[in-house]
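Hi there,

Here is the structure I promised to pass on to you. Please have it open while you read, and my notes on what turned up in it follow just below.

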Amino acid sequence: MGERDRKRKNADDSKAFEDDDPLALCLSPPSRRPNPLTPHPPLSPPSPGAPQHSFPPPPPSPPLLLLPDFISVPSSAASAPSAAAAAANPPARPLRARRNPSKAPRGAHKSDTVPPPFSWATDRRATVHSLNHLLSQNITNITGEAQCKRCEASQVISYDLVSKFNEVAAFIRARKHWMHDRAPAEWMTPAFPDCRSCGQPNCMRPVVVAKKRSINWLFMLLSQTLGCCTLDQLKYFCKHTKNHRTGAKDRVLYLTYLALCKQLDPAGPF
């Protein structure tokens with residue numbers, strides 16, 4: 001047997017071996033073989049007795065929102081407000097005009113004239129007669145009521161008109177240049193006469209009545225006790241004598257002293 005025949009026989013044996021053994025190695029290149037399609041078995045119709053699998057029904061669709069038809073309202077009925085709306089929203093009250101205090105002061109209805117509370121007072125509020133008029137009427141003494149701060153005993157005190165007024169006028173002339181439109185300490189905390197009943201010194205305080213138009217202004221000027229008046233009483237005096245009445249008490253008290261001195265002596269340096 002020749003060499004060629006031997007190789008052919010070995011090749012035939014190898015091929016036969018590969019065909020018999022599926023696990024045998026094959027050195028030949030792989031061949032692409034199409035995969036045959038496996039046909040699906042036909043579905044048999046369900047039997048009447050077999051249980052059937054039912055799917056849940058779909059959720060119901062939401063109900064349709066029906067809008068009401070708009071009813072046409074006549075223009076006259078739409079413009080007129082309903083009674084319920086008018087009751088709920090009452091009309092606003094008309095604004096009242098603000099009163100100007102400078103044009104309509106409190107007490108503007110009061111009369112400018114009053115019955116004179118004393119013979120040395122005029123019928124005008126917070127106004128006294130001049131010194132010449134009083135002397136012509138033979139009024140030389142000014143009286144007033146005072147009360148003790150300790151024993152509360154009351155007594156009537158009399159002052160000479162001319163001598164006491166000259167004393168006050170001399171005090172103002174001597175110290176006006178450094179007062180700076182302010183009442184000094186002697187006027188703010190005045191000195192009082194001694195009590196004749198209990199003997200207590202510096203305790204006879206002048207009685208200031210509650211009615212402002214009845215205050216004895218001239219008596220308190222001559223005794224230099226106007227500082228016993230309250231700020232409201234002093235403002236009342238300045239109001240009716242056309243003086244500036246705003247500020248501290250020492251300023252209003254200073255204006256009260258000078259206004260009374262000018263009423264007594266209009267030609268004086270007041």
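Gln224 is buried, because its relative accessible area is 14% (buried means under 20% relative accessible area, exposed over 50%, and partly exposed in between, with a 1.4 Å probe and protein chains only). You will find Gln224 in the loop between α7 and α8. Although Gln224 is not a glycine, it has a positive phi of about 55°.

Before going further, please keep in mind that this is a predicted model, where local features need pLDDT of at least 70 and side-chain atom pairs count only at pLDDT 80 or more, while totals for chains, interfaces and linings use all residues. Residues are numbered from 1 along each chain as its sequence is written, and side-chain values use heavy atoms, with hydrogens and water left out.

Two other residues have a positive phi as well. For Asn202, which is not a glycine either, phi is near 55°. Asn202 sits in the loop between α6 and β3 (204–206), and with 38% relative accessibility it counts as partly exposed.

Now for the overall picture. The protein has nine helices and three strands; these are DSSP runs numbered from the N terminus, with helices being H or I of at least four residues and strands being E of at least two. Along the sequence they come in the order α-α-α-α-β-β-α-α-β-α-α-α. The protein has 270 residues, and 26% of them count as buried. Taking contacts between residues at least 6 apart in sequence, 52% join residues at least 24 apart, where contact means heavy atoms within 4.5 Å.

Helix α8 (231–240) is worth a look. Which residues of α8 are buried? They are Gln233, Leu234, Tyr236, Phe237 and Cys238. The cover over these buried residues includes α7 (217–222) and α9.

Next, the charges. How many salt bridges does a search of the whole structure find? The search finds four, a salt bridge being a side-chain nitrogen of Lys or Arg within 4 Å of a carboxyl oxygen of Asp or Glu. Here are three to look up:

- Lys164 and Glu167 join their side chains in a salt bridge at 3.7 Å, N to O. These two are three residues apart in helix α5 (residues 161–179), so about one helical turn separates them. Lys164 is partly exposed at 22% relative accessibility, and Glu167 is partly exposed at 41%.
- Glu186 and Arg175 form a salt bridge between their side chains at 3.0 Å, N to O. This pair links distant parts of the chain, with Glu186 in helix α6 (residues 185–188) and Arg175 in helix α5, 11 residues apart. Glu186 has a relative accessible area of 37%, so it is partly exposed.
- Arg182 and Asp250 meet through their side chains in a salt bridge at 3.8 Å, N to O. Because Arg182 lies in the loop between α5 and α6 and Asp250 in helix α9 (residues 249–264), the pair ties together parts that are 68 residues apart in sequence. Arg182 is partly exposed with a relative accessible area of 35%, and Asp250 is partly exposed with 21%.

Finally, have a look around Ala153, in the loop between β1 (141–148) and β2 (154–160). Which residues does Ala153 touch, not counting residues up to four places away in sequence? Ala153 touches Ala146, Gln147, Cys148, Ser197 and Met204. Between the C-alpha atoms of Ala153 and Cys195 there are 8.0 Å, and the two residues are 42 residues apart along the chain.
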